[in-house]
Amino acid sequence: LALALSLPFAACGGKAKNKVTFEEAKGPGRDKELYTQGIEACRKGRFEECRVLLNTMINTYSDSPLVRIAKLSMADSYYLEGGTKSLAQAELEYRDWIQFFPDDSLADDTMMKMAEIHLKQIQAADRDTTHAKLAERQLKELLRRYPNSDQKAEIARLMNEVSEIL
């Protein structure tokens, strides 16, 4: 009797579960929402969460106009996180970005960040000069590729700083 009475309740299964289809998850405007959430996570210092959100946006909405800036924001998240490993990853991400967007108006700023990565890692002048040489090479490449950069004064100042170290 107990089994017969409980059988109809077991078949109901409670409330119907909301199933989100792929099309609903990939709805219009979702790329901007993911980008905004990623940037907000980065501002709060949650860099891993930031990169997951930005990566999801990039992979899901590959034709979005925000992909260019999302890739750059991902590189910036590594730069802001700091540390040797993160700075090395930031440099790789910046190189990748410049390879895809060499004519972008932010390309010279991106190359400047790559030089700054090496400048951050320069130690005392009597120590290993590898990062100073890499920073010098990056600054020269920046001037060669973008001779009309609006950062010429800053580049010249950094070149003098690196020359003194070397």
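Okay, housekeeping. Since the model is predicted, local features need pLDDT of at least 70 and side-chain atom pairs count only at pLDDT 80 or more, while totals for chains, interfaces and linings use all residues. Residues are numbered from 1 along each chain as its sequence is written, and side-chain values use heavy atoms, with hydrogens and water left out.

So, the overall picture. The protein chain has nine helices and zero strands; those are DSSP runs, H or I of at least four residues for helices and E of at least two for strands, numbered from the N terminus. Of its 166 residues, 37% count as buried, and buried here is under 20% relative accessible area, exposed is over 50%, and partly exposed is in between, using a 1.4 Å probe and protein chains only.

Let me stop at helix H7, residues 107–120. Its 14 residues reach 20 Å from first C-alpha to last, close to the 20 Å expected at 1.5 Å a residue (that is, 1.5 Å times one less than the number of residues). Ten of those 14 residues are buried, so H7 is largely enclosed by the rest of the structure. What do they pack against? H5, H6, H8 and H9, with contact meaning heavy atoms within 4.5 Å.

Now over to H5, and serine 77 in particular. Serine 77 is buried, at a relative accessible area of 0%. Its side chain makes a polar contact with the side chain of arginine 51, at 3.1 Å. For that term I need a pair of N or O atoms within 3.5 Å; within protein, one must be able to donate a hydrogen and the other to accept it, and residues adjacent in sequence count only if both atoms are side-chain atoms. The backbone oxygen of methionine 74 also lies 2.6 Å from a polar atom of the serine 77 side chain.

Arginine 51 is the one to follow from here. Buried at 6%, arginine 51 has a salt bridge to glutamate 48 (3.0 Å, N to O) and another to glutamate 81 (2.9 Å, N to O). By salt bridge I mean a side-chain nitrogen of Lys or Arg within 4 Å of a carboxyl oxygen of Asp or Glu. Glutamate 48 sits three residues from arginine 51 in helix H4, about one helical turn, and is exposed at 54%. Glutamate 81 is partly exposed, at 34%.
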